[in-house]
Amino acid sequence: MPEQASIHIDDKKVLDCPVVVGTEGDKAIDIAKLRGTTGYITLDPGFGNTGSCKSAITFLDGDKGILRYRGIPIEQLAEKSTFIETSSLLIYGKLPTQKELDNFSSAFNEHSMIHEDMKNFFDAFPSTAHPMAILSAMICSMSAYYPDMIKENPSKEDIDRIAVQLLSKVRTICAFSYKKSIGEPFVYPRHDLMYVPNFLNMMFSSSNRPYKLVDEAVEALKVLLILHADHEQNCSTSTVRLVGSSHANLYASISAGICALWGPLHGGANQAVIEMLEEIKANGGDVSQYVQKAKDKQSGFRLMGFGHRVYKNFDPRAKIIKQKADELLRKMGINDPLLDIAKRLEDAALKDEYFVARKLYPNVDFYSGIILRAIGIPLKMFPVMFAIGRMPGWIAHWKEMIEDPTTKIGRPFQVYVGSPARDYVAIDKRT
Ligand code: ACO
């Protein structure tokens with residue numbers, strides 16, 4: 001393995017660059033001295049070849065379909081862990097002891113309520129507001145309601161407090177935004193319920209209609225949240241790190257991450273998948289027509305829930321979610337025609353040369369919507385569920401970045417392709 005890489009321009013060596021090797025053998029050429037030494041920058045739209053940091057949180061190997069949080073395979077966490085335990089693992093770097101977990105869980109209860117004044121915020125939004133708009137605004141507004149939590153140089157204890165506050169309150173905010181959208185009174189969090197049941201209770205119970213928790217639904221949602229908890233330097237996490245690198249507070253950084261997640265090419269894909277499956281169903285269920293359309297670049301249509309920047313074999317999260325979706329529907333006795341369409345669409349695409357050649361496989365969002373529908377989560381809330389799940393990952397990355405003394409403000413360069421220098425011309429002289 002090379003210890004060093006060299007950059008040559010016009011056959012002349014201009015720079016020796018160190019090679020950085022990760023724990024699992026991933027290799028990077030450190031070009032930090034490139035611009036200062038040579039005046040050149042690298043150009044990499046979409047950052048397909050660019051490492052923005054070193055990170056010890058999540059490892060993924062896209063070719064082999066491996067995903068591990070702090071070294072532990074997600075398959076094991078999905079089967080054996082809870083969302084709170086996995087959050088603690090991601091944020092603090094190791095599995096908690098029983099005492100640490102108990103303390104962490106009780107802090108969730110302590111922070112589950114939102115400031116009473118913040119409830120007025122919900123009234124200001126139209127009932128048609130997308131819950132992601134409400135969520136990002138509310139999370140950013142927390143910096144106004146809890147100003148004592150914002151410090152230029154937060155201590156370890158400050159970060160711990162704000163982390164658990166965000167993890168706990170996000171669930172309350174999401175459930176309240178749903179209640180607002182259907183015109184029902186808010187249901188407050190309960191201390192006797194675990195994380196997922198507490199959320200479902202706030203979403204679906206009301207004073208005259210207690211919500212009956214279904215074990216299978218609780219388990220499926222728990223797995224879904226764990227599988228969404230982190231995914232290294234994806235679009236929203238990179239956004240959180242970039243915003244946070246200016247020393248913007250954690251609320252503001254995560255609010256920005258929520259906006260990045262909203263897009264249909266990222267966390268908004270789970271909503272877009274169901275909309276696509278509904279459309280296929282409404283048009284007679286012919287999946288081949290949609291496979292053809294996705295191949296036609298002029299159509300502007302893509303198979304939502306298909307393809308991934310990193311996974312080129314299979315998405316290990318999708319594998320677990322597909323199995324969970326099957327199990328959940330069977331146990332709940334639900335016959336969702338969209339699951340059948342999704343499976344037929346997957347089969348057709350995976351046999352098609354276009355998808356095979358480009359290594360396009362179902363991603364995490366392809367089957368997650370089927371689970372969310374079965375639980376009764378409304379379509380517009382799907383990206384919000386992703387945001388609840390991703391919260392520990394965003395916090396872990398912000399913490400890792402802010403605690404690293406070598407972190408610099410994120411500030412990429414560009415290659416300017418606009419007009420050369422020219423003079424200002426008065427308006428009456430312009431042609
Ligand atoms: N349907 C049809 N064609 C596709 C799809 C798709 N879903 N995804 C990629 N392609 C094609 C592209 O047109 C391109 O073809 P070309 O080489 O002939 O030009 C090729 O596959 C490579 O695609 P890129 O867009 O370059 O891949 P990139 O890594 O930039 O994008 C992305 C990844 C955004 C996920 C893309 O696959 C996509 O748009 N998928 C649909 C949206 C989606 O499911 N997003 C959720 C991603 S998972 C997550 O964020 C949680």
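These notebook entries record what I looked up in a predicted model of a protein with a ligand.

**Entry 1. Overall fold**

I began with the secondary structure and counted 18 helices and six strands in the protein. I then looked up the radius of gyration, which is 24 Å, close to the 22 Å that the globule rule gives for 431 residues; the protein is therefore as compact as a globular protein of that length. Along the principal axes, the C-alpha atoms fill a box of roughly 75 × 65 × 55 Å.

I next turned to burial and surface. Of the 431 residues, 48% count as buried. The protein exposes about 21,900 Å², and carbon and sulfur atoms supply 53% of that area. For the contacts, I took those between residues at least 6 apart in sequence and noted that 72% of them join residues at least 24 apart.

**Entry 2. The ligand site**

Which residues are closest to the ligand? I found 21 residues around the ligand, the closest being His 266, Arg 302, Leu 303, Gly 305 and Arg 309. By class, this shell holds 11 nonpolar, five polar and five charged residues.

The side chain of His 266 places an N or O atom 2.8 Å from a ligand oxygen. For Arg 302, a polar side-chain atom lies 2.7 Å from an oxygen atom of the ligand. Gly 305 takes part through its backbone, where a polar atom is 2.8 Å from a ligand oxygen. As to cover, the ligand on its own has 920 Å² of accessible area, and the protein covers 76% of it.

**Entry 3. Positive phi values**

I searched for backbone angles that call for a second look. Most residues other than glycine have a negative phi. I recorded two residues with a positive value.

His 247 has a phi near 70 degrees, although this residue is not a glycine. I located His 247 in the loop between helix H10 (235–244) and helix H11 (250–262). With a relative accessible area of 44%, His 247 is partly exposed, because this value falls between the 20% and 50% cut-offs.

Lys 359, also a residue other than glycine, has a phi near 55 degrees. Its place is in the loop between helix H16 (353–357) and helix H17 (364–375).

**Entry 4. Thr 172**

Is Thr 172 buried or exposed? Its relative accessibility is 0%, so I counted Thr 172 as buried. The residue lies in helix H7, which spans residues 156–181. Leaving out residues up to four places away in sequence, I listed its contacts as Ser 112, Ile 114, Pro 189 and Met 202.

**Entry 5. Gly 333**

Where does Gly 333 lie? I found Gly 333 in the loop between helix H14 (316–332) and helix H15 (337–351). Its relative accessible area is 64%, which is over the 50% cut-off, and Gly 333 therefore counts as exposed.

Conventions:
Residues are numbered from 1 along each chain as its sequence is written. This is a predicted model: local features need pLDDT of at least 70, side-chain atom pairs count only at pLDDT 80 or more; totals for chains, interfaces and linings use all residues. Side-chain values use heavy atoms; hydrogens and water are left out. A residue is near a molecule or strand if one of its heavy atoms lies within 4 Å of it. A polar contact is a pair of N or O atoms within 3.5 Å; within protein, one must be able to donate a hydrogen and the other to accept it, and residues adjacent in sequence count only if both atoms are side-chain atoms. Accessible areas come from the Shrake-Rupley method with a 1.4 Å probe; for residues, only the protein chains shown count as cover. Ala, Val, Leu, Ile, Met, Phe, Trp, Tyr, Cys and Pro count as nonpolar, Asp, Glu, Lys and Arg as charged, and the others, Gly among them, as polar. Helices (H or I, at least four residues) and strands (E, at least two) are DSSP runs, numbered from the N terminus. Buried means under 20% relative accessible area, exposed over 50%, partly exposed in between (1.4 Å probe, protein chains only). The radius of gyration is taken over C-alpha atoms; the globule rule is 2.2 Å times the number of residues to the power 0.38. Contact means heavy atoms within 4.5 Å.
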